[in-house]
Amino acid sequence: SMSFDTIAHSFETFYPKFLLDYFLLKDLPSLFACYNGEKIAYIRFRPFIGSNDSTKCAEISINVVSHMRGKGIGQQLLRQMKEFAKQQGYEAIWAEIKPENIASKKAFLAAGYQYITNASHEIMQQGKQVICDVELYCAKLVKAIRKKTFIIAEAGSNWRLGDINRDLQLAKTMIDAAKEAGCDAIKFQTFHPQSVYVSNPGTAVYMSRIGQSDDIIKTLSHVAMPHEAISTLAHMCKKARIEFMSTAFSPKDFKAIDPYVKRHKIASYELAHIHLLELAAKSKKPLILSTGASSIADIAWSVDYFRQRSKANLTLMQCTAQYPADPRSMHLRAIAWMHSYFQLPCGLSDHSLNPLTAPLAAAALGASVIEKHFTIDKRLPGPDQAYAIDPDQLKEMVSHIREIEEMLGDSVKKIDTAEEELFFFAKRAMQAIKPIAVGDVFRDGKNMAILRPGNQKKGVHPKYVYEINGKKATRSIPVGDGIQFGDWK
């Protein structure tokens, strides 16, 4: 009586429906729960189409055999199924419960579900549409990938040319350009080479390819961030109404920027810098962690170390430590994989040359953060200018990402409201092609056919053609009118 379909079915009629409707989610199959060899409960997962965001979610229903009810089994199974769904990468599980089903509501609430709202549930029973009132309950499994991608314009050291006054003017130009492009933040880099490399590191091969043949210490000394400039840059960003960020490369740098930032970013090569992780945890601010040139074990250690010390939001960034990054080295599918494996938001720190390809693909894959190096002029000196994009390209990138966010829509296939007009006008259904009187026998191709209804009333799904064929009409049906449930017997 507490099920939505309260009509008894025979095996012959139920089994085809079972095969069609009960295994729509390949990674969340329908399951039996067993106790001492006896099947004591049945769990069914289905796509949930009531969510209007990009959350990966499913609907759950459960039925416990009568002699095992009242023992907390349903509650225990619901908890286990939350973990099972979480392991499959689902972010929320929903349930539809009849308002009078007190026992189920108690079980779901005890299992960590929350009441959300009232709704309605439509089912077909014996050829008739039945609408039931329901209450919706939801269990959030992980923090969903945010719908709006956080876009960071990476200024890096591209604002540093050697004269601090001139540099600050260039920084202001870049801040204004990032804001105009629609970015959420602009990020700088705070480092001093002596706290990054050993005293005799030599020349970086990748820099020599772009004409930077000096010792890496000398090269980085030209673009290092003076701590005195941090407050000025932060003030410029505040005035432009764009978030100020800066990557710290040493504990001293971290402490210098901490008062001015809402969130921290740790670069790929600093992923295992235990002192930076400790400071990030103590700051209680969100942390973005790049994973270039890192193994799963490296990432897992850093994630665990930070998580043991902080409950702040943590985001991982897929990153390829190559400048510029070869397209074949990007491995963008790792964004979705890391999100599923670590149960954390994941994004992309992009070093590829193309201004659009990787960021747009990352947005389509669900990246929560996208970071891209940009410059005012690629001809300016510096190690990161050559593979950076210009302000016009940055603006185009942001615009396309926002458009992709709109296109992503729901995570379950359904009929969108934008399709409803043509669903009723052009989607084929069972329509009368001749006047049909009460008592007339329905004949496929003679007085009815599978046609597009246009502006006439839409009939039932073509799958009912063989059920209708040969039956007698219960009402008079004019030409063009759709054949409805109850029109045949």
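Colleague: Where does Leu 25 lie?

Modeller: This is a predicted model, so keep that in mind throughout. Leu 25 lies in the loop between helix H1 (11–21) and strand E1 (31–35).

Colleague: Is Leu 25 buried or exposed?

Modeller: Read the relative accessibility; under 20% is buried. Leu 25 has 13% relative accessibility, so it counts as buried.

Colleague: Which residues does Leu 25 touch?

Modeller: Skip residues up to four places away in sequence. Then Leu 25 touches Phe 45, Arg 46, Pro 47, Ala 58 and Tyr 90. For scale, take Asp 258. Leu 25 and Asp 258 are 45 Å apart in space, C-alpha to C-alpha, and 233 residues apart in sequence.

Colleague: How many helices and strands does the protein have?

Modeller: There are 15 helices and 16 strands. The radius of gyration is 30 Å, well over the 23 Å that the globule rule gives for 489 residues, so the protein is more spread out than a compact globule. Along the principal axes, its C-alpha atoms fill a box of roughly 95 × 55 × 40 Å.

Colleague: What share of the 489 residues count as buried?

Modeller: The share is 48%. Now look at contacts with a separation of 6 or more. Residues 24 or more positions apart account for 64% of them.

Colleague: Where is Ser 157, and which residues is it in contact with?

Modeller: Ser 157 sits in the loop between strand E7 (150–156) and helix H4 (164–181). Its relative accessibility is 4%, so Ser 157 counts as buried. Leave aside neighbours within four places in sequence. Ser 157 is then in contact with Gln 189, Val 223, Pro 383 and Asp 384.

Colleague: How do I read a helix pair? At what angle do the axes of H9 and H10 cross?

Modeller: Start with the general idea. Residues three or four places apart point the same way, because an α-helix has 3.6 residues a turn. Now the case. The axes of H9 (residues 274–283) and H10 (residues 296–307) cross at roughly 35° and come within 9 Å. The crossing is right-handed. H9 makes the contact with Ile 274, Leu 277, Glu 278, Ala 280 and Ala 281, and H10 with Trp 301, Ser 302, Tyr 305 and Phe 306. By class, that contact has seven nonpolar, one polar and one charged residues.

Colleague: Which residues of helix H12 are buried?

Modeller: In H12 (residues 357–364) they are Ala 358, Pro 359, Leu 360, Ala 362 and Ala 363. The buried residues of H12 pack against helix H11 (334–342), strand E13 (346–350), strand E14 (369–373) and helix H13 (391–408). Just after H12, Gly 366 takes a positive phi of about 95°.

Colleague: How do I read a strand? Which residues of E15 lie on each side?

Modeller: Side chains in a regular strand alternate between the two faces of the sheet. In E15 (residues 429–432), Ala 429 and Gln 431 are on one side, with Met 430 and Ala 432 on the other. These residues are all buried, and both faces of E15 are covered. E15 pairs with strand E16 (residues 448–451) in the antiparallel sense, over four bridges. Met 430 stands opposite Ile 450 in E16.

Colleague: Which residues is Gly 480 in contact with?

Modeller: Gly 480 is in the segment after helix H15 (465–468). Leaving aside neighbours within four places in sequence, Gly 480 is in contact with Gln 431, Ala 432, Gln 456 and Lys 457. The C-alpha atoms of Gly 480 and Ala 432 are separated by 5.0 Å, though 48 residues apart along the chain. Gly 480 has 17% relative accessibility, so it counts as buried.

Key. Residues numbered from 1 in each chain as written. Predicted model: local features only at pLDDT ≥ 70, side-chain atom pairs only at ≥ 80, totals over all residues. Heavy atoms only, no water. Axes fitted to C-alpha atoms, helices over the stretch in contact; angles between N-to-C directions. Helix = DSSP H or I, 4+ residues; strand = E, 2+ residues; numbered from the N terminus. Left-handed = near helix turned anticlockwise from the far one by under 90°. Contact = heavy atoms within 4.5 Å. Nonpolar A, V, L, I, M, F, W, Y, C, P; charged D, E, K, R; others polar. Buried < 20%, exposed > 50% of the residue type's maximum accessible area, 1.4 Å probe, protein only. Pairing = 2+ DSSP bridges. Rg over C-alpha atoms; globule rule 2.2 N^0.38 Å.
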